[in-house]
Amino acid sequence: MEHSDTERLHDGSSRRVGGRRRDGRRVALVCRTPGLDFPNVHDDLPSYGVRRIHASIISDPRLQDAVVQTFDTVKPDADAILERILAFDPDIVGFSVYVWSLPCFLDVAARLRAEIP
């Protein structure tokens, strides 16, 4: 990619300009941790599948310049999830999908595809 086709971001990664692909180093990992059935108990359960993928990416020396952000939510709010992902401006988006998250994430994925093909 020529210098004129990219823009450098504050974190050192590059952004595509003019519809060309970027360097693929901004990774969004999306998961939905279901709430507990007990309303008085604070829900602080991590999504271990996404955490393992995140750790694998940042520990790989070939990906030392990658910027990885995990988007974990309890509520199936496709609008809010989409807004947060788009604000991050990822090159790659990965979803950890279970029965409780599939309908929402299918919606988010379709809308992401339309926004950043």
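Helix α2 (residues 78–88) packs against helix α3 (residues 102–115) at an angle of about 40°, and their axes are 10 Å apart. In this predicted model, local features need pLDDT of at least 70 and side-chain atom pairs count only at pLDDT 80 or more, while totals for chains, interfaces and linings use all residues. Residues are numbered from 1 along each chain as its sequence is written, and side-chain values use heavy atoms, with hydrogens and water left out.

Helices (H or I, at least four residues) and strands (E, at least two) are DSSP runs numbered from the N terminus. The axes are lines fitted to C-alpha atoms, for helices over the stretch in contact, with angles from 0 to 180 degrees between N-to-C directions.

The angle of about 40° makes α2 oblique to α3; under 35 degrees counts as roughly parallel, over 145 as roughly antiparallel, 65 to 115 as roughly perpendicular, and the rest as oblique. The crossing of α2 and α3 is right-handed, a term used if the near helix is turned clockwise from the far one by less than a right angle, with anticlockwise being left-handed.

Which residues in α2 meet α3? A78, D79, I81, L82, I85 and L86 do so, and their partners in α3 are C104, F105, D107, V108, R111, L112 and E115. Contact here means heavy atoms within 4.5 Å.

Now to the aromatic rings.

| Pair | Centre to centre | Angle between planes | Type |
|---|---|---|---|
| F71 and F88 | 5.8 Å | 65° | edge-to-face |
| Y98 and W100 | 4.9 Å | 15° | stacked |

Rings of Phe, Tyr and Trp (its six-membered ring) pair if their centres lie within 6.5 Å; planes under 30 degrees apart are stacked, over 60 edge-to-face, and the rest tilted. F71 lies in strand β4 (residues 67–73) and F88 in helix α2, so their pair ties together parts 17 residues apart in sequence. F71 and F88 are both buried, whereas Y98 is partly exposed at 41% relative accessible area and W100 is partly exposed at 40%. Buried means under 20%, exposed over 50%, and partly exposed in between (1.4 Å probe, protein chains only).

Strand β4 also holds T73, which is buried at 16% relative accessible area. Leaving aside neighbours within four places in sequence, T73 is in contact with C31, R32, T33 and I81. T73 and C31 are 42 residues apart in sequence, and their C-alpha atoms are 6.7 Å apart.
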